[in-house]
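Thanks for coming. I have one structure to show today, and I will keep it brief.

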Amino acid sequence: MTENRRTLKALSLLCQCLAFLAAAGMQPCCLNNRINCTNTETPRGKHLEQLPTAEFAHVSGSLKRMKRDWVIPVINFPENVRGPYPKFVVKIKSNNEKRVAITYSITGPGADQPPEGVFTVDRRSGVLSVSQPLDRENTAKYSLWAHALNEGIKAEKPMELIINVVDQNDNAPEFTQNPFYGRVSESADTGDPVIKVTAVDKDDPQTYNAVIRYRITAQTPTEDMFAMNPVSGAISVKAGGLDRETHPEYKLTVEAADMEGGGLTTTCAVIISIADSNDNAPQFTGTPISTSVQENEVGVEVMRLKVTDEDELGSPNANTKYSIIKGDEGGDFNVTTGSSKMEGILKTAKGLDFERSPVFTLLVVVTNEVPFSGRVSTSTATVTVTVTDKNEPPVFSPAEIHASISEDAETQSSVAELRAKDPDTARKQSVRYKLHNDTARWLSIDKDSGSVKVKSNMDRESHYIKDSKYTVLVLASDNDTAPATGTGTLVVTLSDVNDHHPVIKQRKASLCNSDPFPALLDIVDLDGPGHAGPFTVELQGEHRINWTISTNSTNDVAALAPRRELSPGDYNVLMRIYDVGTMYQDSTLDVEVCQCRGAVSTCFLPHAAPRLHGSSLATSVLGGIFGLLLLLSLLLLLLRRTRRSEKDVPLLEDEPRDNVFYYDEEGGGEEDREYDLNQLHRGLDNRPEVFCTDVFPTVQSRPCHRLQLQADEEIVKFIEDNLHAADSDPAAPPYDSLLVFDYEGAGSDASSLSSINSSDSDEEKDLESLALWGPRFSRLADLYAGGMDEDNDTETLPGKREWV
């Protein structure tokens with residue numbers, strides 16, 4: 001600060017020296033100055049007057065190079081000067097004004113450019129004046145050009161005038177915002193920063209007018225809690241003892257003054273919120289606590305532990321978490337935080353056993369989600385949990401019992417001995433056994449001893465077996481007044497025996513008659529490994545003559561091929577298949593020999609191809625059955641037609657006959673030449689104004705429809721009677737109608753057109769009178785009287801709109 005003052009004083013002293021030198025006519029000389037001079041003498045033709053004068057630089061016409069110019073000092077003029085205006089600034093003078101008539105003018109911002117008219121110059125005397133108060137905050141400097149003219153011709157080189165507006169302390173500091181908001185933790189230490197306030201001053205920052213100092217003038221609710229740096233405006237904690245629970249907010253009044261605190265002032269508000277810190281431990285309400293829970297209940301809620309916390313609710317400083325620090329060595333309980341974050345939920349982690357431990361005493365501690373900011377005393381709760389006894393089901397040990405037995409075991413063979421233990425030792429109860437899902441009904445169990453035996457023949461290849469295992473659910477119940485039932489699983493593994501014959505999976509195969517690829521046949525045996533493959537296949541009887549078959553010991557496939565080229569047709573091949581235990585079975589394969597070569601893609605059989613083997617007995621039986629069904633269908637159809645003919649009652653006397661309809665005529669359409677249409681006219685010939693009529697049948701008795709069944713009446717007969725009554729009702733709509741299409745009405749509103757003469761000659765006729773006959777003949781008049789132009793295709797092209 002001291003160095004700044006010294007610098008400013010030195011600058012002020014330098015300005016005073018320059019002003020003194022200017023008053024004495026001793027202006028300093030430098031390169032490119034505005035006033036002509038030599039290195040050691042003052043410019044010629046220069047003379048000082050009482051007022052400050054700015055002379056144009058002089059250029060000698062006899063010299064080839066320009067002499068160095070005098071520097072025109074910056075003109076300083078203070079802002080906010082009181083009137084009256086205009087006020088004199090400087091006088092402009094040309095060295096040629098004694099020889100010729102000189103007129104002066106100025107250009108640039110503030111003269112002939114915006115803001116226009118701030119500076120003016122007298123054309124004859126060259127006196128430059130300011131016409132209004134200047135404002136440094138709007139324009140700190142003006143750069144003008146002075147011109148000397150002789151009868152409109154430039155007499156001197158333009159001279160630049162720089163007018164500097166001198167600042168005055170006319171603006172008070174302004175805060176960048178109001179109010180300022182800060183936040184500090186209640187556990188903050190002395191000197192911890194809170195917030196920094198900032199103010200600005202529009203005055204010249206190079207002067208004391210813009211040097212700002214800050215201070216706190218007031219703070220509530222208590223004093224001396226915060227301090228402020230007067231230069232930077234930073235606010236910090238002055239003393240400890242902030243407590244959000246007591247005073248959550250402080251309001252400060254801050255003052256900013258320019259001139260280093262001795263000038264104009266302004267104030268603003270600073271609101272500091274005290275942020276919560278975890279300086280209060282949560283506390284249990286209502287301890288010790290006792291409760292009870294039934295045994296063997298897993299995940300059941302035992303109780304809820306309520307707590308309070310003076311810190312800010314909903315924040316990590318108040319949100320709680322819980323842990324059991326004593327009494328739960330076996331991990332029988334767990335405690336979690338409730339949704340409100342202010343309660344602990346105690347639950348059972350596994351089923352409690354009354355016989356093992358009837359009472360638990362737990363010590364639960366509560367803390368917050370974040371560590372405490374200082375040393376605090378935590379709260380604990382003692383919870384006593386009493387286990388309530390209940391009837392427990394018997395327990396199999398192990399829960400899954402495995403046994404093995406051969407699938408051909410005899411009935412009453414022992415499978416396994418099951419035992420279930422009742423955990424309620426104090427109740428002295430007995431256990432009863434039962435098989436729950438013996439789906440194949442192969443086993444039986446003794447209800448008292450739990451002995452399992454074979455009840456019926458078993459089959460390892462049955463669909464009840466999965467992976468050679470038969471699984472049964474066993475129930476064990478006690479004899480309590482409210483019996484409890486436990487479950488166990490009996491898994492019986494069936495040992496395989498060779499009790500299934502091998503068979504060919506395919507029933508039909510196709511081969512080519514020329515160079516055929518062998519037909520690959522899959523051999524299937526339901527028995528397990530050791531009782532199935534490798535298989536042996538042998539052709540039987542005369543089938544060895546035309547066919548050959550081979551097997552592979554590594555897979556269950558047989559290859560069938562003809563020994564010679566066979567004629568296309570169907571063949572039956574009989575073969576015998578042996579498994580590894582020499583158990584065999586004969587199988588017949590239908591082979592279709594096609595007319596092709598190699599592999600069969602599409603089988604082609606010529607019509608003359610011989611069928612070497614006739615249809616089988618099954619085909620004959622199926623054909624006979626089908627013929628019998630066809631005959632029966634024909635008999636039923638004939639019977640139905642006979643019954644229908646007896647029920648139908650014709651409405652007309654004549655029965656309808658087959659008719660031939662002609663559809664290529666343009667006359668009256670379909671025509672029945674045998675039917676008498678007079679029956680439908682009903683007097684229409686004498687009444688041409690009638691267009692149609694409904695032919696109502698002659699008076700007949702209406703059939704009676706029954707609404708209810710009679711006693712012991714079949715429902716089929718009731719429906720048939722009502723159907724017959726409906727079919728015989730002559731009054732049921734629609735009636736037969738005759739529509740007359742050849743009647744054109746009684747007359748026309750327009751006059752007859754027979755009076756219009758026509759001629760075959762090409763003679764022109766006067767048909768313009770048609771337009772006088774009314775709107776009905778307007779179109780005719782347009783056509784024959786030349787009222788319409790000929791159609792022009794170009795005027796009705798698609799996309800062109802035409803109004804008619």
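The protein chain has an average pLDDT of 76, and 73% of the residues reach at least 70. Among the elements, strand β13, residues 199-200, has the highest mean, 94, while strand β44, residues 692-695, has the lowest, 48. Two stretches deserve a caution. Residues 680-684 have pLDDT below 50, with 12 contacts in the model beyond near neighbours in sequence. Residues 689-696 stay under 50 as well, and there the model has 25 contacts beyond four places in sequence. Where pLDDT is low, the predicted coordinates should not be read in detail.

Now the core. Which residues have the most contacts inside the largest nonpolar core? They are Val415, Leu418, Leu443 and Leu490, in a core of 27 residues. Elements giving two or more residues to this core include β28 (400-406), β29 (414-417) and β35 (485-495). The most comes from β34, with four residues. Take Leu490: among the residues touched by Leu490 are Ile401, Ala416, Leu418, Leu443, Val452 and Tyr470.

Last, the sheet. Three strands form an open sheet in the order β29-β33-β32, paired antiparallel. From one strand to the next, the twist averages 20 degrees. Between β32 and β33 there are three bridges. Leu443, which we met in the core, has Val454 in β33 as its bridge partner.

How values were computed
Residues are numbered from 1 along each chain as its sequence is written. This is a predicted model: local features need pLDDT of at least 70, side-chain atom pairs count only at pLDDT 80 or more; totals for chains, interfaces and linings use all residues. Side-chain values use heavy atoms; hydrogens and water are left out. A nonpolar core is a set of buried Ala, Val, Leu, Ile, Met, Phe, Trp, Tyr and Cys residues joined through side-chain atoms within 4.5 Å. Buried means under 20% relative accessible area, exposed over 50%, partly exposed in between (1.4 Å probe, protein chains only). Contact means heavy atoms within 4.5 Å. pLDDT is the predictor's confidence in each residue, from 0 to 100. Two strands pair if DSSP finds at least two bridges between them. Axes are lines fitted to C-alpha atoms, for helices over the stretch in contact, and angles run from 0 to 180 degrees between N-to-C directions.
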